[in-house]
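User: Hello! I have just opened this structure and would like to get to know it step by step. Could you walk me through it?

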Amino acid sequence: MDTKNNFPKNINYYCTCFKNLKTDKSRGVAPHQPLLLLSIIELITQDIIKENKFLISDELTKTFNEYWDIVPSDYTCRYKKGLYLPFYHLRKSPFWHLTYHKQYMEEQPKKIKSYKQLREVVKYAQLDQELFNFIKSENSRNELIDTLMSMWFDSSKKELEDIVIFNDNFEDKITQEIEESQKIYLRKSVLRNASFRKAIVHIYEYQCAFCHLRVTHSLKQSIVDAAHIKPLSQFYDSNINNGLSLCKNHHWAFDNGLFTIDDNYKIIISSHFKEYSPNCRSMREFNGEELLLPKLNLHYPRLDAIQWHRSNIFRSS
Ligand SMILES: [Zn+2]
């Protein structure tokens with residue numbers, strides 16, 4: 001029996017697979033496989049790839065090349081760019097399945113040296129269906145992206161920090177520049193958001209800023225989300241000061257304006273909702289209480305972001 005089938009194929013299993021990619025480490029750490037996975041995740045998310053069957057398409061090649069070009073050159077300079085490399089070599093991972101053309105079904109070459117050769121040997125690739133489904137769903141997708149980013153790209157590296165920490169006025173640029181550069185900004189924002197989530201939950205020590213709940217398990221997975229105060233879809237602002245760590249319930253309540261925060265970081269509860277909470281403290285009881293804040297003032301939510309939330313999202317009178 002195939003040993004890999006002994007593991008439950010849950011999200012932890014795939015996060016572990018993503019940590020254990022068999023990348024070339026002869027000249028540093030080859031970024032090909034994580035970048036291929038990020039590209040695939042992006043195309044599935046955008047519904048450009050609709051089924052679990054990946055051809056060696058121009059769209060995939062282009063996405064991969066663009067990721068390659070935006071990650072800092074430290075990661076890429078010692079390696080040759082080319083989607084054909086990870087597309088083939090990822091077959092050493094248990095979740096990536098290649099279907100070969102007839103003449104290569106029995107035996108496959110050890111190495112692939114070009115797109116042409118890859119197309120001669122390989123028909124298409126598939127992921128485990130379970131993994132494909134995890135990518136389709138936002139929460140598990142974020143976990144997978146975060147795993148790739150924290151394992152394979154060190155966000156303390158200066159150049160990556162420039163991408164992930166600083167907001168580069170995405171909004172202005174997106175209206176001014178052509179479609180190509182919008183895509184690059186979107187890609188940067190995938191990297192930036194992964195870093196945002198990691199940073200936010202870390203500085204709030206995995207607790208909900210509203211109710212202080214902390215539930216984690218071994219892989220540092222946590223019940224809290226990194227919530228954007230000014231919505232990501234409108235502002236593309238993934239600065240730490242536009243973030244709050246909130247449990248799933250209070251994230252939903254915050255995004256729907258059921259509570260907000262005043263300029264002294266005290267909770268204000270809306271009077272416009274019904275609530276039945278027989279087993280734990282009701283939301284209304286938190287009215288006037290202080291929000292849980294990070295240790296450093298530097299990381300506190302920005303007042304302009306909070307004010308924006310109060311005026312635009314909060315359901316007051
Ligand atoms: Zn909470």
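This is a predicted model: local features need pLDDT of at least 70, side-chain atom pairs count only at pLDDT 80 or more; totals for chains, interfaces and linings use all residues.

User: Which residues touch the most other members of the largest nonpolar core?

Analyst: Residues are numbered from 1 along each chain as its sequence is written. A nonpolar core is a set of buried Ala, Val, Leu, Ile, Met, Phe, Trp, Tyr and Cys residues joined through C-beta atoms within 7 Å, and a residue is buried if 20 or more other C-beta atoms, placed from the backbone, lie within 10 Å of its own, exposed if 12 or fewer, and partly exposed in between. The largest core has 43 residues, and those touching the most other members are Phe18, Leu36, Leu144 and Leu148.

User: Which element gives the largest share of this core?

Analyst: Helices (H or I, at least four residues) and strands (E, at least two) are DSSP runs, numbered from the N terminus. The elements giving two or more residues to the core include H1, H7, H8 and strand E2 (122-127). The largest share, six residues, comes from H2.

User: Which residues does Phe18 contact, leaving aside neighbours within four places in sequence?

Analyst: Phe18 is one of the buried residues of helix H1 (residues 11-19). Two residues are in contact if their C-beta atoms, placed from the backbone, lie within 7 Å. By that rule, and beyond four places in sequence, the partners of Phe18 are Leu37, Leu144, Thr147, Leu148 and Met151.

User: Within what arc do the buried residues of H1 fall, seen down its axis?

Analyst: The buried residues here are Tyr14, Cys15, Cys17 and Phe18. An α-helix has 3.6 residues a turn, so residues three or four places apart point the same way. The arc is that of the directions from the helix axis to the C-beta atoms. In H1 the buried residues line one face of the helix, because they fall within an arc of 155°.

User: Is Ser39 buried or exposed?

Analyst: Ser39 is found in helix H2 (residues 32-45). Beyond four places in sequence, Ser39 touches Leu60, Thr63, Phe64 and Tyr67. With 26 other C-beta atoms within 10 Å, Ser39 is buried.

User: How far apart are the end C-alpha atoms of H8?

Analyst: The expected span of a helix is 1.5 Å times one less than its number of residues. H8 has 15 residues, so it should span 21 Å. The model agrees, as the end C-alpha atoms of H8 are apart by 21 Å.

User: Which residue in E6 is the bridge partner of Asp225?

Analyst: Two strands pair if DSSP finds at least two bridges between them. Strand E5 (residues 224-228) and strand E6 (residues 243-247) run antiparallel and are joined by five bridges. Both faces of E5 are covered, with Asp225 and Ala227 buried on one side and Val224, Ala226 and His228 on the other. The partner of Asp225 in E6 is Leu246.

User: Is Asp47 buried or exposed?

Analyst: Asp47 sits in the loop between H2 and H3. Asp47 has a positive phi of about 65° although it is not a glycine. With 8 other C-beta atoms within 10 Å, Asp47 is exposed.

User: Over which residues is the pLDDT below 50?

Analyst: pLDDT is the predictor's confidence in each residue, from 0 to 100. The chain averages 86, and 86% of the residues score at least 70. The pLDDT is below 50 over residues 165-175.
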